[in-house]
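Have a look at the fold below and turn it around a few times.

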Amino acid sequence: MEMMIVLPLIIAMFYFMMIRPEQKRKKKAAELRDSLAAGDEITTIGGLVGKVVQVRDDFVTFETGEDRVRIRVAKWAISTKGKAKEEQADQPQQQ
């Protein structure tokens, strides 16, 4: 009888500690990628930072640096949006 009580508790704990947070993280990442628009600052999972130029169904084209190199990446490779500006504001400027 005790086993019938303990097993559902273990399953419930597993769901709330492992599965549900992962689902929330995936949903938030999908919303971020769907909300991309031209002009947004992005960072890829490889660490490339740039400004979005064009957004298509599965791909994003963005510019990096002053020489305006354009790079095309898959949407799933975008990790963050808007981080570059925040990090630059947090860092003190060196002279």
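E3 and E4 form a hairpin, with four residues sitting between them. In that turn, Gly 65 has a positive phi of about 65 degrees. The names come from DSSP runs numbered from the N terminus, where helices are H or I runs of at least four residues and strands are E runs of at least two. Before going on, note that this is a predicted model, where local features need pLDDT of at least 70 and side-chain atom pairs count only at pLDDT 80 or more, while totals for chains, interfaces and linings use all residues. Residues are numbered from 1 along each chain as its sequence is written, and side-chain values use heavy atoms, with hydrogens and water left out.

E3 and E4 run antiparallel and are joined by six bridges; two strands count as paired if DSSP finds at least two bridges between them. Strands of a sheet pair through backbone hydrogen bonds, either parallel or antiparallel.

Zoom out, and these strands belong to an open sheet of five, in the order E4-E3-E2-E1-E5, with antiparallel pairing. At the edges are strand E4 (69-74) and strand E5 (78-81), each pairing on one side only. From one strand to the next, the twist averages 45 degrees (axes are lines fitted to C-alpha atoms, for helices over the stretch in contact, and angles run from 0 to 180 degrees between N-to-C directions).

So what is tucked away? E3 is mostly covered, with five of its six residues buried. Buried means under 20% relative accessible area, exposed means over 50%, and partly exposed is in between (1.4 Å probe, protein chains only). The largest nonpolar core has eight residues: Leu 36, Ile 42, Val 52, Val 60, Phe 62, Val 73, Ala 77 and Ile 78. A nonpolar core is a set of buried Ala, Val, Leu, Ile, Met, Phe, Trp, Tyr and Cys residues joined through side-chain atoms within 4.5 Å. Leaving aside neighbours within four places in sequence, Ile 78 is in contact (heavy atoms within 4.5 Å) with residues including Leu 32, Leu 36, Ile 42 and Val 73.

Next, follow helix H1 (residues 2-34). Its 33 residues reach 47 Å from the first C-alpha to the last, close to the 48 Å expected, a figure that is 1.5 Å times one less than the number of residues. H1 has a kink of about 40 degrees centred on Tyr 15, the bend being the angle between axes fitted to the seven residues ending there and the seven starting there.

Ser 35 lies in the loop between H1 and strand E1 (41-44). Leaving aside neighbours within four places in sequence, Ser 35 is in contact with Asp 40 and Lys 81.
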